[in-house]
Amino acid sequence: MRLSTTFVKTSRTAPKDETARGAQYLSRAGYVYKELAGIYDYLPLGLRVLDNIKGIIREELNKIGCQEVLLTTLQNPELWQKTDRWDPSKVDIWFKTELAAGGELGLAPTHEEPITNLMRSFITSYKDLPVAAYQFQTKFRNELRAKSGIMRTREFLMKDLYSFAATESDHNRFYHQVEQTYKAIYNRLGVGADTFQTFASGGVFSKYSHEFQTLTDVGEDTIYFNADKSVVLNEEVLNDEVLQDLGVKREELQSARAAEVGNIFTLGSKYSNPLGLLFTDQDGQRKDVIMGCYGIGVSRVMGVIAEKFSDDKGLVWPENIAPYKYYLIGIGERGTEVAEKLYRGNEDIVLLDDRDARPGEKFADSDLLGIPYRLVISDKTLADDTIEVTNRRDGQTTLQKINDFVLSKA
Ligand code: ATP
Ligand code: MG
């Protein structure tokens, strides 16, 4: 992409109520645009980051046989009445709307009800199981407070996966596969070392559900862990009974701030029963399908990464999710010419700063945008047939022979 042709401009200031550092940078660098509190637009570079995160999640889920779908946002109240999740006294974060012809509709805060209902048309026998389907979908939640930029918003992108099994052991097997897959995903996203699978409340076969929590000072949750982090639990389950279960003492636990980036949950027949998703088993009996649900807050993950990977100059994207790998600056007539040549054929990995601006401004923007490698070609470097390569992460600069220099995607 050529910076001269994009409509987005960087800014010296962020929206004044944006307090988290990463959130300020996302606005200033033009990755997102704030419409209202908790309501954001994704601009070209921000969309590329979001797509990169989605790409990693999609690849890992497909490896374990999950099938991608896209369900509608508009929700039929009848389904949610069956599970008692329509009434505002039960679920208080609904956005609701009306059909022109009369009748209410909801904007989906999650999708258990519609996916369970739709599976009734396809799952009738044990031979149809197991099934796992997922989507990347916009969720709407009328959150009382929006916080930390894109980390808690009223409209956000979630990856939600739902599993359907005939037996508890089939379900458990898949659940463990998802645990492993989530670890692989967070590793590839660059936050693996700081992301912990925690014991959380609300289990069905076991006492617990699990959350994936990433350490960050701007997180809204507090997690507790022992010295080697082999036991990590959420505040909500920190009680004597649970401590005994997990074989740890309260005084052995430390606390830290974290953000919930994912959640996996055994649902049992919580949705299949009221919505009538049954199958005929080998013994001819009609039984409730056993379900699980598995979420990842895709846009929240982007916000968490922006918080964790930033310094006093701007963002520092991990290579896997950076919108472009290289930020290319040509200085002077010949520098500009050679930069243009290098750019050709590499448009998908290079952001060419061909704006009519001072080099200092370009350097500052390359830091703010957090592109992994800054490449500078000038009369000075060309005098030695070199290109200057600066690593955004540690600021180290090397001069490389321009003829040997190869841009690589990986
Ligand atoms: P929280 O406790 O943070 O409100 P939740 O437990 O209600 O989240 P889930 O229903 O488990 O959220 O949704 C799955 C994932 O979606 C969460 O793990 C989180 O990463 C993300 N998420 C939830 N609410 C929001 C939001 N308002 N904005 C952005 N991401 C969100
Ligand atoms: Mg949750």
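**The ligand site**

Start with Asn263, which is partly exposed, with a relative accessible area of 23%. Partly exposed lies between buried, under 20%, and exposed, over 50%, using a 1.4 Å probe and protein chains only. Glu260 is also partly exposed, at 23% relative accessibility.

A word on the source: this is a predicted model, where local features need pLDDT of at least 70, side-chain atom pairs need 80 or more, and totals for chains, interfaces and linings use all residues. Residues are numbered from 1 along each chain, chains are lettered from A and ligands numbered from 1 as written, and side-chain values use heavy atoms, without hydrogens or water.

Which residues hold the magnesium ion, ligand 2, as protein donors? Glu260 (OE) and Asn263 (OD1), at 2.3 to 2.4 Å. Donors here are N, O and S atoms within 2.8 Å of the metal, or 3.2 Å for Na, K and Ca; water is not among the atoms, so sites may look incomplete.

Now ligand 1. A polar side-chain atom of Asn263 is 2.9 Å from one of its oxygen atoms. The protein buries 81% of the 580 Å² that ligand 1 exposes when taken alone. Those areas are Shrake-Rupley values with a 1.4 Å probe.

Glu143 places a polar side-chain atom 2.7 Å from a nitrogen atom of ligand 1. For Arg152, a side-chain N or O atom is 2.7 Å from an oxygen atom of ligand 1.

Last, the strands, which are DSSP runs of at least two residues, numbered from the N terminus. E8 (155-165) and E13 (254-268) each supply at least two residues of the shell around ligand 1. E13 gives the largest share, four residues.

Definitions and conventions: A polar contact is a pair of N or O atoms within 3.5 Å; within protein, one must be able to donate a hydrogen and the other to accept it, and residues adjacent in sequence count only if both atoms are side-chain atoms.
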